[in-house]
There are 2 protein chains.
Amino acid sequence: MRDIPSKNVTITQVALKAGVDRSTVSRALDPKKRALISDAVVKRVEATAQALGYRPNQLAAALRTRRSGAVGVLLPDITNPVFPPIVKGIEETLRAAGCVALVANADGDAASQAEVFEQMLARRVDGLIIATAARDDLLVARCIEQRVPFVLVNRGADARELSMVVNDDRLGTQLAVQHLVSLGHRHIAHLAGPQNLSTGFVRRAGFVAAMREAGLPAGSIVNCTGYSREAGKSGCEKLFAKAPDITAIVASNDLLALGCYDALQGMNLSCPRDVSVIGHNDMPLMDMVSPPMTTVRIQHREMGAQAARVLLEHIASPDRAPESVVLQPTIILRGSTAQPRQAGK
Amino acid sequence: MRDIPSKNVTITQVALKAGVDRSTVSRALDPKKRALISDAVVKRVEATAQALGYRPNQLAAALRTRRSGAVGVLLPDITNPVFPPIVKGIEETLRAAGCVALVANADGDAASQAEVFEQMLARRVDGLIIATAARDDLLVARCIEQRVPFVLVNRGADARELSMVVNDDRLGTQLAVQHLVSLGHRHIAHLAGPQNLSTGFVRRAGFVAAMREAGLPAGSIVNCTGYSREAGKSGCEKLFAKAPDITAIVASNDLLALGCYDALQGMNLSCPRDVSVIGHNDMPLMDMVSPPMTTVRIQHREMGAQAARVLLEHIASPDRAPESVVLQPTIILRGSTAQPRQAGK
């Protein structure tokens, strides 16, 4: 395994011990400048540096070269199980390129997001993968202004000329509606996500379009203010207060759908006997919940891997044009959807 | 919200614009040295810096003061749902102290752990919270050697004189065995975690002790090589190959217990009718799986919060003695445990 040198050994100590001056040590240990020095000296300096446990000051090196080997990842909520598999995909690709991901939770208000963002830049990350983006995002504007390489992942932005790797969220809710229609449902409602986020906004648009295409009256819609089980529970209760004849719910994500499970249980309604529920994401464990959840699967790891690839290309070629990748979702049929009960129940 | 200044404005530009020299700008913007300058000049420099969007170079500042406001968190596996709530607890406490957590996944082999560790130190974090520790851990040894403030969280180490915040893992499995004994089980097996990790090792010791205290013959034990649903499934199959008369399983964590669910289904055995299963951690969604899981709840957020508190104290007082915190678990009774079926089934 790779040795971890002590941080207390200085370049001066290495120079003294090797009998050369400091600039020679610096050149000998820099792959780009090594050719300026004789092989024998390079070998002597390397052996001395290793024996003493010298670690080149990577911070100072980053200040000079503006390349650190670290990439920042901004998450909106590390406890939302959809993000860890995306991070995993990011890490696998970065690791293969010799880079490390540093993850920070940038949830909360704009001020604390800005704080985390500043800390990342201050740590001289080479670029950012942003999973926190609102449709009109302040941090994105700052990245552009400050020429920080970045890629949006999972959540896109309204501006077109940005690099982003997202799921085809519109298609996702269309698949969900089509499945319910094929089962015979007509009273289908949508529990929408936050409308300032692309996921919430685009999935809602997909729902509206699919209902129209199916020739059904517009379904009831309630917008949730966040993606959480709790928000899903209260949103579901609001849906039933508004439209008690609902036989199926398309939720904007799996946490909201789990909140529907909670609400239905509280109202003594059974899923899928009384009400079918479809989630979005197929986050881990959705095959284990009761009932196992029918949901729209997005390609988490692939999404992370593609985001890392695009970012690495931007870091290598700062003038490269933005690249937008849209991944295809699939619907996973499990136990939370069934035919509606006969009319006159 | 706080303004994010541009990184391209230099101290020289601020000095020129404010009509003072660079050292005056530097002093005026440093709360510790501000008193050396007249109030009027401080105000002028501040206004100019703000107007130009000047950001003091925090990296250079960290090099001077060795304080960065960022803390590194090393996780073994971000996709294991037990860790995000711990990170949440860490972040809440750090944020209250004006610090930010940078999280890195240090899974994989020793070489890639060392790589992540080095990257963290190179980014000048003020200290580390380590959730990856093996009982005899190389990175811990390096932290001590290099005088990096650190705290272990969730996983402890054999060495006593270290700061760590852990769960009482021995008590956890004892509570699990006592619950099963009270239901009438006698053929109780243990699906143990990796024995090089304190959690796997101590929980196994608690199981052995509790079986002895209950006057039962030593139960069958299979050690898993990792904490995953897949490892739990194959471990559970090995348990039944070894001891087909098992009526209950104490798993070393919830992922292993979910793997037992998978294995039992594959063997056409029903939980809890044929076999009771108990997990450990009460990670998110364990109330939603089928059957809802009886498990030992550890205090994730509190564990993270305490680890952050201890680390901040070490950063503030580098010579402070190590502090060890042991949190108490509780058993949460749900649907995966029941009385054993009558003999002669």
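In what order do the six strands of the open sheet in chain A stand? I started my notebook with that. The model is predicted, which I keep in mind throughout.

**Entry 1: the sheet of chain A**

I read the order as E7-E6-E8-E9-E10-E12. The pairing is mixed. Next I looked at the edges. Strand E7 (221-223) and strand E12 (330-332) of chain A stand there. Each has a single partner strand, so one side of each is left without a neighbour in the sheet. I also looked up the twist. From one strand to the next it averages 20 degrees.

**Entry 2: E9 and E10 in chain A**

I then took one pair of strands. E9 (residues 276-281) and E10 (residues 294-297) of chain A run parallel. Four bridges join them. I picked out one bridge: Gly279(A) has Thr295(A) in E10(A) as its partner.

**Entry 3: helices on the sheet**

Which strands does helix H8 of chain A touch? I found E6 (188-192), E8 (248-251), E9, E10 and E12 of chain A. H8 covers residues 169-183 and packs on the sheet. Its direction makes about 160 degrees with that of E9(A). I checked helix H11 (residues 254-266) of chain A as well. H11 lies across E6, E8, E9 and E10 of chain A. It runs at about 155 degrees to E9(A).

**Entry 4: strands in chain B**

I moved to chain B. There, E9 (residues 276-281) and E10 (residues 294-297) pair in the parallel sense over four bridges. His280(B) stands opposite Val296(B) in E10(B). E10(B) also pairs with strand E12 (residues 330-332) of chain B, in the antiparallel sense, over three bridges. In that pairing I noted Arg297(B) opposite Thr330(B) in E12(B).

**Entry 5: nonpolar cores**

Which residues touch the most other members of the largest nonpolar core? I found Ile129(A) and Ile129(B), in a core of 55 residues. Helix H12 (residues 300-316) of chain A gives the largest share of this core, seven residues. I listed contacts of Ile129(B), leaving aside neighbours within four places in sequence. Among them are Val71(B), Leu74(B), Ile90(B), Val153(B), Ala307(B) and Leu311(B). I also found a second, separate core of 48 residues. Its members include Cys143(A), Ala104(B), Cys143(B) and Phe150(B).

**Entry 6: domains of chain A**

Last, I looked up the division of chain A. Domain 1 is 11-56, domain 2 is 65-167 + 300-328, and domain 3 is 169-297. How many Å separate the centres of domain 1 and domain 2 of chain A? I noted 36 Å, taken over C-alpha atoms.

Methods: Residues are numbered from 1 along each chain as its sequence is written. Chains are lettered from A and ligands numbered from 1 in the order in which they are written. This is a predicted model: local features need pLDDT of at least 70, side-chain atom pairs count only at pLDDT 80 or more; totals for chains, interfaces and linings use all residues. Side-chain values use heavy atoms; hydrogens and water are left out. Two strands pair if DSSP finds at least two bridges between them. Helices (H or I, at least four residues) and strands (E, at least two) are DSSP runs, numbered from the N terminus. A nonpolar core is a set of buried Ala, Val, Leu, Ile, Met, Phe, Trp, Tyr and Cys residues joined through side-chain atoms within 4.5 Å. Buried means under 20% relative accessible area, exposed over 50%, partly exposed in between (1.4 Å probe, protein chains only). Contact means heavy atoms within 4.5 Å. Axes are lines fitted to C-alpha atoms, for helices over the stretch in contact, and angles run from 0 to 180 degrees between N-to-C directions. Domain bounds come from an automatic or database domain assignment.
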